[in-house]
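Colleague: I'm new to reading protein models. Could you walk me through this one?

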Amino acid sequence: MSNSSRFVVATHVLTNLAVRSDERLSSDRLAWSVNTNPVVIRQLLCSLREADLVDSKRGPTGGFTLAREPDAITLRDIYEAVEDAEPFCFHTNEPNDECTVGEHIQPVLGELLEPAIQAMLDELDSVTVAEVHEEIFETADGDPLEV
């Protein structure tokens, strides 16, 4: 069982692109900021491009830019672009239906978790990349950010 960091890393990448909106950033440069392998970043950027959140250009002057203004990209947009599973997922093995708990746990939990999932998506929908960018500058006390 593992957790995904795709959403957090994708938000990091898009915030970097918002900070440097006047230039194209390479996957190597973005990977430097995230402190990960550029291949990881390129995979995320592919999903973000398919969701029309980033644009790319090849060649020596190439790189990535935001496809929309930072205030038009919500955290929900990012989440839905890069996460392929529900935030709560059931184990791959079916529970033992000879056990009362095993027989009923998945439908009961599915129903109980639905409002929590919707609340999370609603909250993500209320925050934009521009707001993340602003919070970072406030937290950094206006220090210039190196991207």
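What follows is a set of questions and answers about this predicted model.

Colleague: Let's start inside. Which element gives the largest share of the largest nonpolar core?

Modeller: That core has 30 residues, and Val13, Leu14 and Leu17 are among those with the most contacts inside it. Several elements give two or more residues to the core, including helix 2 (27-34), helix 3 (38-50) and strand 2 (63-66). The largest share, 7 residues, comes from helix 1.

Colleague: OK, how many of the 14 residues of helix 1 are buried?

Modeller: Buried means under 20% relative accessible area. In helix 1, residues such as Phe7, Val9, Asn16 and Val19 are on the buried list. Helix 1 is largely enclosed by the rest of the structure, because the buried count is 11 of 14.

Colleague: And how far apart are the end C-alpha atoms of helix 1?

Modeller: Helix 1 runs over 6-19. With 14 residues at 1.5 Å a residue, the helix should span 20 Å, and the model agrees with that: the end C-alpha atoms are apart by 20 Å.

Colleague: Which residues does Leu17 contact, leaving aside its neighbours within four places in sequence?

Modeller: Leu17 is one of the buried residues of helix 1. Leu17 is also among the residues with the most contacts inside the largest nonpolar core. Its contacts beyond those neighbours are Leu25, Leu30, Val54, Phe64, Thr65 and Leu66.

Colleague: Now helix 4. What covers its buried residues?

Modeller: Helix 4 is largely enclosed by the rest of the structure, because 6 of its 8 residues are buried. Those buried residues are Leu75, Arg76, Ile78, Tyr79, Ala81 and Val82. The cover includes helix 1, helix 3, helix 5 and helix 6.

Colleague: Is Gln106 buried or exposed?

Modeller: Gln106 sits in helix 5. Setting aside residues up to four places away in sequence, it touches Phe90, His91, Glu94 and Pro95. Its relative accessibility is 18%, and the cut-off for buried is under 20%, so Gln106 counts as buried.

Colleague: What about Val101, then: buried or exposed?

Modeller: Val101 is in helix 5 too. Since its relative accessibility is 56%, Val101 counts as exposed.

Colleague: Let's look at backbone angles. What is the phi of Asn35?

Modeller: Most residues other than glycine have a negative phi. Asn35 lies in the loop between helix 2 and helix 3, and it is exposed, with a relative accessible area of 71%. Although Asn35 is not a glycine, its phi is positive, at about 65°.

Colleague: And what is the phi of Asp52 near?

Modeller: Asp52 is in the loop between helix 3 and strand 1 (54-57). It is exposed, with a relative accessible area of 53%. Asp52 is a residue other than glycine, yet its phi is positive, near 60°.

Colleague: Last one: how far apart in space are Asn96 and Glu114, C-alpha to C-alpha?

Modeller: Asn96 is in the loop between helix 4 and helix 5, and at 48% relative accessibility it counts as partly exposed. Leaving aside neighbours within four places in sequence, Asn96 is in contact with Gly102 and Glu103. Asn96 and Glu114 are 18 residues apart in sequence, and their C-alpha atoms are apart in space by 23 Å.

Notes. Residues are numbered from 1 along each chain as its sequence is written. This is a predicted model: local features need pLDDT of at least 70, side-chain atom pairs count only at pLDDT 80 or more; totals for chains, interfaces and linings use all residues. Side-chain values use heavy atoms; hydrogens and water are left out. A nonpolar core is a set of buried Ala, Val, Leu, Ile, Met, Phe, Trp, Tyr and Cys residues joined through side-chain atoms within 4.5 Å. Buried means under 20% relative accessible area, exposed over 50%, partly exposed in between (1.4 Å probe, protein chains only). Helices (H or I, at least four residues) and strands (E, at least two) are DSSP runs, numbered from the N terminus. Contact means heavy atoms within 4.5 Å. The expected span of a helix is 1.5 Å times one less than its number of residues.
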